[in-house]
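Please examine the sequence and the three-dimensional structure shown below. The paragraphs that follow lead through a few of its features.

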Amino acid sequence: MSRAKPRPAPTEVPGSGDEAACHPERCPCTDGNCTLSRTARAASPDTAARDYPTLSATEAAVSKRLAGMALDMPAMAAVSNVYRAAGALRNHFERTVLAPHNLTWTGWVVLWVVWIWEEIETRHVAAEAGISKGTLTGVAGTLEKRGLVARRAHPADARRVLLRLTPAGHALMAELFPQFNKQEAFAVDSLSADELRVLAAALRKVVVGLEGNPASA
């Protein structure tokens, strides 16, 4: 593969390379070796200090833009903060625990889903990971080349494909998940135990509500 080709989309898992971190002076990287997705690289400390708005600045800009409009502001604030928190968490994990293993967030989620279910159809992996079937095809292909997952035809229908972890994939998850969980604890360290329980329950309620009634009111 020519190293002059553009880096794949951030939903793909980078192949193994000799670079362990992004080089800001070359962003967006074009050699495919950067361990971070474009999202994580865009929010790297160097870039953030240079041109990334702070949360307070963003909130002020939103308030100014929406002044005088009849809106459900608490709902907007809640959804906006969930979205921003999700992005911040993804970037944090990609820059810390996932980077040494050359994994993007999407690659990690695919490994997690397959690890939990042991063997699962690709269409169900895509649904649980919240990605398209096309994206999963690329991610699963890269993970397969790295020897972390294996695929086989469904015994009842050769058109359907099953994914499972290889022994190397199981070993990676056994090593990586405790490290990942330590970063989860770090990410929510500012919350009390009661706040954590309330947050988890509230977010689960949102998910259940949307999955049970996806149509807009």
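**A surface patch, a helix pair and a strand residue**

M69, L71 and M73 make a nonpolar surface patch of about 260 Å². Patches consist of residues with over 30% relative accessible area and no salt bridge, with like charges joined within 9 Å and nonpolar side chains (Val, Leu, Ile, Met, Phe, Trp, Tyr) within 5 Å; a salt bridge is a side-chain nitrogen of Lys or Arg within 4 Å of a carboxyl oxygen of Asp or Glu. Accessible areas come from the Shrake-Rupley method with a 1.4 Å probe, and for residues only the protein chains shown count as cover. The model is predicted: local features need pLDDT of at least 70 and side-chain atom pairs pLDDT 80 or more, while totals for chains, interfaces and linings use all residues. Residues are numbered from 1 along each chain as its sequence is written, and side-chain values use heavy atoms, without hydrogens and water.

L71 lies in the loop between α3 (55–66) and α4 (73–95); helices (H or I, at least four residues) and strands (E, at least two) are DSSP runs, numbered from the N terminus. Because its relative accessibility is 40%, L71 counts as partly exposed, a class between buried (under 20%) and exposed (over 50%).

The axes of α3 and α4 are 13 Å apart, at an angle of about 145°. These axes are lines fitted to C-alpha atoms over the stretch in contact, and angles run from 0 to 180 degrees between N-to-C directions.

A150 belongs to strand β2 (residues 149–154) and is buried, because its relative accessible area is 15%. A150 and R164 are 14 residues apart in sequence, yet 5.5 Å apart in space, C-alpha to C-alpha.

Definitions and conventions: Buried < 20%, exposed > 50% of the residue type's maximum accessible area, 1.4 Å probe, protein only.
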